[in-house]
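We will go from stop to stop, with something to select at each one.

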Amino acid sequence: MADETPPASRPPEPGPAPAKGGIPWRMIGFGVLAAYGILLAVLNSDEVHVEFLFWDTRASLVILLLLTLAIGFLAGFLFDTARDRRKRQAQ
């Protein structure tokens, strides 16, 4: 038997690349969080009385919630950074 080589084949025609992961879960998650944030802002627009140590004021509830969220994220970031720095110094 002789070696049979397959007939020359043409390369596939270029077209759109197939999607890698299928459903873009990160985009869906971001969309859900964005919708939740918008609902939070719309449903919590009432003004509330705020007392903190030496001062008091009236502010929108959504502003207070967002400010508290930002302070929480900042604190988490700073504590995480400090923990990483201690781990690097210990090595």
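Accessible areas here come from the Shrake-Rupley method with a 1.4 Å probe. With that probe, the protein exposes about 9,100 Å², and carbon and sulfur atoms supply 67% of that area. Keep in mind throughout that this is a predicted model.

**Stop 1: the whole chain**

Begin with the cartoon. The protein has 2 helices and 2 strands, and from the N terminus on the elements run α-β-β-α. Now colour by relative accessible area, with buried meaning under 20%. What share of the 91 residues is buried? Buried residues make up 3% of them.

**Stop 2: a nonpolar patch**

Select I23, W25, I28 and V32 and show their side chains. Together they form a nonpolar patch on the surface, with about 430 Å² of accessible area. Centre on V32, which sits in helix α1, residues 25-43. V32 has a relative accessibility of 52%, so it counts as exposed, the cut-off being over 50%.

**Stop 3: between the strands**

Move along to the loop between β1 and β2 and select L53, which lies there. Check its backbone torsions: phi is positive, about 45 degrees, although L53 is not a glycine.

**Stop 4: the salt bridges**

Select R58 and E47 for one of them. Their side chains meet at 3.7 Å, N to O, which is a salt bridge because the nitrogen of Arg lies within 4 Å of a carboxyl oxygen of Glu. R58 belongs to strand β2 and E47 to strand β1, so the pair, 11 residues apart, links distant parts of the chain. E47 is exposed, at 52% relative accessible area.

Then select R83 and D80, whose side chains meet in a salt bridge at 2.6 Å, N to O. Both residues lie in helix α2, 3 residues apart, or about one turn of the helix. R83 is partly exposed at 41% relative accessibility, and D80 is partly exposed as well, at 31%.

**Stop 5: the largest pocket**

For the last stop, select V50, E51, F52, W55, T57, A59, L64, L67, T68 and I71, the residues that line the largest pocket. The elements that give two or more residues to this lining are β1 (47-52), β2 (55-60) and α2 (61-90). Which element gives the most? That is α2, with 4 residues.

The lining has 7 nonpolar, 2 polar and 1 charged residues.

How values were computed:
Residues numbered from 1 in each chain as written. Predicted model: local features only at pLDDT ≥ 70, side-chain atom pairs only at ≥ 80, totals over all residues. Heavy atoms only, no water. 1 Å grid on protein atoms, 1.4 Å probe; cavity = no way out; pocket = protein on both sides within 12 Å on 5 of 7 lines; lining within 4 Å. Nonpolar A, V, L, I, M, F, W, Y, C, P; charged D, E, K, R; others polar. Buried < 20%, exposed > 50% of the residue type's maximum accessible area, 1.4 Å probe, protein only. Patch = residues over 30% accessible without salt bridge, like charges linked within 9 Å, V, L, I, M, F, W, Y side chains within 5 Å.
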